[in-house]
Amino acid sequence: MTEETPGFEEKPDVPSGANPDDAEPQAASEEGAAPAGDASADVALVAQLDQARTALGERTADLQRLQAEFQNYRRRVERDRIAVKEVAVANLLTELLPVLDDIGRAREHGELVGGFKSVAESMESVAAKMGLMQFGKEGEPFDPTIHEALMHSYAPDVTETTCVAILQPGYRIGERTIRPARVAVAEPQPGAQTVQAEEAEESAADDKENGGPEEG
C-alpha cells in the first residue's frame, strides 16, 4: 500500500515556464464561451423555423387557391350540364307539340276514345314529368311576352286588351317559354271608357243631390 505524505497536494501538470495560476482563468474562459455558441444555435433554429412557417403559409395559400378553382370548375360543369339537359329536353318537347295539339283537338271533338285515349294520356303524362306546362286561358289579360295575337276585335265589356279565345295553347318549361299561346284578343270599344266615365260622374252627381245613398 502506498502511503500518502501528509501535507502534500497534487497539482495539475503545468507546462514548463508557465505560471500554475494561469490554468484557472483559461478554464473559466472556456466555460464562458459555451453560452455564446448556444445562442448562435438558437438564432439559426429560429431562422429555420421562420422559413418553414413561411413555406407552409405559401403552400397553404396555394392549396386553398387550387381548392377554390376546383369548386368553381365543378359548379361550372354542373351548370353547363343542366343547361345542356334543359336544351335537349326543350328541343324534344318542341317536336312533340304538334302531336299534343292533335290530342287536344281530338279531345275537344270527343274523338279521344279507346286505345288512342290511353296512348294520348300516357304521352301527356310523360311530357308533364319532363317539366312541360300548358298555359293560356280565356279572359286573362293579353301579355305580349307569352301571348301571340292572331285575331283582333273590340268589345264593350272589356276594360283592357283581353284574350277572348285560345286558338292554340302555349307551353313552357319552368320559366322558359318554348311556344307562346296563340290567341284572339279584344280591346275596349272606342269611346266606351268615356261613356262609362260620364255615366259614373252622373251617378255620383245624382247621389250628391239626393243626399247620398239611402242607409238601410
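**Surface, salt bridges and sheet**

Author: V77 is partly exposed, at a relative accessible area of 39% (buried means under 20%, exposed over 50%, and partly exposed in between, with a 1.4 Å probe and protein chains only). This is a predicted model, in which local features need pLDDT of at least 70 and side-chain atom pairs count only at pLDDT 80 or more, while totals for chains, interfaces and linings use all residues. Residues are numbered from 1 along each chain as its sequence is written, and side-chain values use heavy atoms, with hydrogens and water left out.

Reader: Where does V77 lie?
Author: V77 belongs to helix α1, residues 23-108 (helices are DSSP runs of H or I with at least four residues, strands are runs of E with at least two, and both are numbered from the N terminus).

Reader: And which residues form the nonpolar patch on the surface?
Author: F70, Y73 and V77 form that patch, with about 300 Å² of accessible area together.

Reader: Switching topic, how many salt bridges does the count come to?
Author: The count is seven, where a salt bridge is a side-chain nitrogen of Lys or Arg within 4 Å of a carboxyl oxygen of Asp or Glu. One of them joins D101 to R179, with the closest N and O atoms 2.7 Å apart. This pair links distant parts of the chain, since D101 is in helix α1 and R179 is in strand β5, 78 residues apart.

Reader: Is D101 buried or exposed?
Author: D101 is buried, with a relative accessible area of 7%, and R179 also counts as buried, at 8%.

Reader: What else lies 2.7 Å from a polar atom of the R179 side chain?
Author: The backbone oxygen of P169 lies at that distance, 2.7 Å.

Reader: What about E148, which residue does it form a salt bridge with?
Author: E148 forms one with R182, the closest N and O atoms being 3.3 Å apart. Because E148 lies in strand β2 and R182 in strand β6, the pair ties together parts that are 34 residues apart in sequence.

Reader: What order do the strands have in the open sheet?
Author: The three strands run in the order β2-β6-β3, with mixed pairing (two strands pair if DSSP finds at least two bridges between them). The edge strands are β2 (147-155) and β3 (162-168), each pairing on one side only.

Reader: How many bridges join β3 to β6?
Author: Five bridges join these antiparallel strands, β6 covering residues 181-188, and A165 has A184 in β6 as its bridge partner.

Notes
Patches are made of residues with over 30% relative accessible area and no salt bridge: like charges are joined within 9 Å, nonpolar side chains (Val, Leu, Ile, Met, Phe, Trp, Tyr) within 5 Å. Accessible areas come from the Shrake-Rupley method with a 1.4 Å probe; for residues, only the protein chains shown count as cover. A polar contact is a pair of N or O atoms within 3.5 Å; within protein, one must be able to donate a hydrogen and the other to accept it, and residues adjacent in sequence count only if both atoms are side-chain atoms.
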